[in-house]
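Let me put the model up and walk you through a few spots.

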Amino acid sequence: MSKLEKLVTVCHGDYHRGGGGGLTDQGYAQVSLLADHLFERGIKGPEVCILSSRSNRAEETSAVLARRLEVPNFDLFECLCPGQSISIISRNHSEFLQLVENEARRHKFVIISAHPEHVDILPTIWGMSLKIQIPIVRG
């Protein structure tokens, strides 16, 4: 039985192009604003699970979110890394679905910290697997 109330997909903040691609000061500020917004809406504490891409910018985004939302840790996954094209994601989404389903049984809130190509398609894939439509809200 699922405890899930909200699935939140987050695109990393602004980042340095080239090299390690870590967040810029503006990127940290963007993620901090988002974290405050989620915290004020009660998305915090042990009921939150953060699933993150392994890229520096997504991992830094997840760290900011975890710190502000009082989440003790977050997990990194290869299936959420950049370069996974939409066609690959939509064809081979079983790992993602299994991740969300496992965490939905234990957490009210699942946050996916990834990249633009994931933020739009992953909720749709999960919704299709449940035969429901999940709205995408941009803030």
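This is a predicted model: local features need pLDDT of at least 70, side-chain atom pairs count only at pLDDT 80 or more; totals for chains, interfaces and linings use all residues.

So, which backbone oxygen lies 3.4 Å from a polar atom of the side chain of Ser 52? It's the backbone oxygen of Ala 58. Residues are numbered from 1 along each chain as its sequence is written, and side-chain values use heavy atoms, with hydrogens and water left out.

Back to Ser 52. You'll find that serine in strand 2; helices (H or I, at least four residues) and strands (E, at least two) are DSSP runs, numbered from the N terminus. Its side chain also makes a polar contact with the side chain of Ser 62, at 2.9 Å. By polar contact I mean a pair of N or O atoms within 3.5 Å; within protein, one must be able to donate a hydrogen and the other to accept it, and residues adjacent in sequence count only if both atoms are side-chain atoms.

Is Ser 52 buried or exposed? Buried, with a relative accessible area of 0%. Buried means under 20% relative accessible area, exposed over 50%, partly exposed in between, with a 1.4 Å probe and protein chains only. Leaving aside neighbours within four places in sequence, Ser 52 has contacts (heavy atoms within 4.5 Å) that include Phe 74, Leu 76, Leu 80 and Ser 113.

Four strands make an open, parallel sheet in the order 1-4-2-3, where pairing takes at least two DSSP bridges between two strands. Strand 1 (6–11) and strand 3 sit at the edges, each pairing on one side only. Strand 2 (48–53) and strand 4 (109–114) share five bridges, and Ile 50 has Ile 111 as its bridge partner in strand 4.

Helix 2 packs on this sheet, touching strand 1, strand 2, strand 3 and strand 4, and its direction makes about 165° with that of strand 2. Axes here are lines fitted to C-alpha atoms, for helices over the stretch in contact, and angles run from 0 to 180 degrees between N-to-C directions. Helix 4 (94–104) lies across strand 2, strand 3 and strand 4, at about 150° to strand 4.

Last, two loop residues. His 107, between helix 4 and strand 4, counts as buried at 12% relative accessibility; among the residues it touches are Lys 3, Pro 46 and Cys 49. And Glu 70, in the loop between helix 2 (56–69) and strand 3 (75–77), has a positive phi, near 60°, without being a glycine.
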